[in-house]
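Have the structure open as you read.

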Amino acid sequence: MQPSGVTTDVVHGGPWEGRPAAQQPEWRDHAAYHESCRTLESAAPLVPAEEIRHLRRSLAELLATGALLLQLGDCAESLYECTPHHTAHKLQVVDRLGNRLSELTGRRVLRVGRMGGQFAKPRSRPTEQHGTQVIPAFRGHMINSELATPHTRQPDPRRMVWAYEASAAVQRAMRAHRRGDRDGPWSSHEALVVDYESRLVRRDPDTDELYLTSTHLPWAGERTRRPEQAQVALLSAVANPVGCKLGPNATADDVVRVCAALDPRREPGRLVLIPRMGHHRIRQTLPPLVRAVANAGHPVVWLSDPMHGNTVTTGLGLKTRHLTDVITEALRFRDILDGLRQHAAGLHLEVAADDVTECVGAGVENEDGLHRHYTTLCDPRLNAGQATELIEAWTKGTAAVRS
Ligand code: PEP
Ligand code: CO
């Protein structure tokens, strides 16, 4: 669907071309590759430049006023859960948690969903072992199927078109839901698959700027944030607000270089930095990065992802996270930012709309309780009750924290 009044122009080529890119599907030899790419090139923008500018202005205002940002949703969206019904349910949870954060802090809360395009996943290993068989890993519904057979795990470029159509449905429902609300929920996802994202870059004839029209707030992941690679080059070229994850091995030099690439003009509202260090490591790893960014003069929005550094595997091989660890990292993040006189702007969370049992804590007493309703396509998500407990702890700082 074309949002009303949009006349953005297709862009052929850009500074991302010819650059190496981590985590890409090997599908160039697939019979449908070229046609799938052409379909995306001629497709309407999923989000209009005006909405993207609106979010960027809101992020700048956030920095000026001490408002907050809550970004949340699935680790990997399912292409089968993009119906208006599913989207409405997810948006209810985003709003409910955003309202709770606002109520507890008395501050304006910008809301951003990990939705409307979060269909591609970086993986730490390219293959998985199933019994005696080694098959390609699941990489998100934009690339392959979660069904664990050699055939269904082959990357299929037609899935990019399917993901585009599903995103259009989600964006349509989100737009209707926002109905002019200036605080969202806006869309976001990791800009991972260069074949997909690069074909949705459009030039806005009103301003002559490039926009990534696949989402409002794209981010570079921990595995895709190298400044010399295609994903950062693409995000550097567009005028969207952009995010960047920072893992425990990021050095001050890495961060200064990625900030220079993504925010060369040092503009408030342009860059959201999202550390995901792990509760054990954040006190060592985060302060030097915050100092380096402040010294380099980038007015960034600092957001804590207390999920991705705290993933553990149970004895039965299930990925999970302990709410106590998640809360500990979030509180430490806030204390570090406060101590360095920077604004701890909020949280980036993996939360399911359904009442899942994927993380331990707040109603899921121990690992045995995980099996009751474990449905994630990728990482373990909090349910809304667990996320509420985290938000309450983050705002009061009174939760029981592991030392
Ligand atoms: C994610 O957000 O799902 C993710 C893969 O995060 P990271 O890039 O921080 O590992
Ligand atoms: Co994840």
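## The largest pocket

Three strands, β4 (127-130), β13 (311-313) and β14 (319-321), each give at least two residues to the lining of the largest pocket. Strands here are DSSP E runs of at least two residues and helices are H or I runs of at least four, numbered from the N terminus. A pocket is an open set of points on a 1 Å grid over the protein atoms alone, where a 1.4 Å probe fits and protein lies on both sides within 12 Å along at least five of seven lines; lining residues have an atom within 4 Å of a point.

This is a predicted model, with local features needing pLDDT of at least 70 and side-chain atom pairs pLDDT 80 or more, while totals for chains, interfaces and linings use all residues. Residues are numbered from 1 along each chain as its sequence is written, and side-chain values use heavy atoms, leaving out hydrogens and water.

The volume of the largest pocket comes to about 980 Å³, counted as the space filled by probe spheres set on points joined across faces, edges and corners. Its lining runs to 39 residues, with R123, S124, K319, C378 and D379 nearest the centre. By class, that's 12 nonpolar, 11 polar and 16 charged.

## The annotated site

An unreviewed UniProt entry lists C75, H308, E350 and D379 under "binding site"; such annotations may be inferred rather than shown by experiment. These residues span 305 residues in sequence, but no two of their C-alpha atoms are more than 9.9 Å apart, so they gather at one spot. C75, H308, E350 and D379 belong to the lining of the largest pocket.

C75 sits in the loop between β2 (68-73) and α3 (84-105). Buried or exposed? C75 is buried, at 0% relative accessible area (buried means under 20%, with a 1.4 Å probe and protein chains only). Beyond neighbours within four places in sequence, its contacts (heavy atoms within 4.5 Å) include H308, E350 and D379.

E350 belongs to strand β15 (residues 344-350) and is also buried, with a relative accessible area of 0%. Residues it touches, not counting those up to four places away in sequence, include C75, R114, H308 and D379. The E350 side chain also makes a 2.8 Å polar contact with the side chain of H308 (N or O atoms within 3.5 Å, one able to donate a hydrogen and the other to accept it).

## The second largest pocket

The second largest pocket holds about 400 Å³ of space. R28, V194, D195, S198 and R199 lie nearest its centre, among 20 lining residues.

Conventions
Chains are lettered from A and ligands numbered from 1 in the order in which they are written. Ala, Val, Leu, Ile, Met, Phe, Trp, Tyr, Cys and Pro count as nonpolar, Asp, Glu, Lys and Arg as charged, and the others, Gly among them, as polar. Buried means under 20% relative accessible area, exposed over 50%, partly exposed in between (1.4 Å probe, protein chains only).
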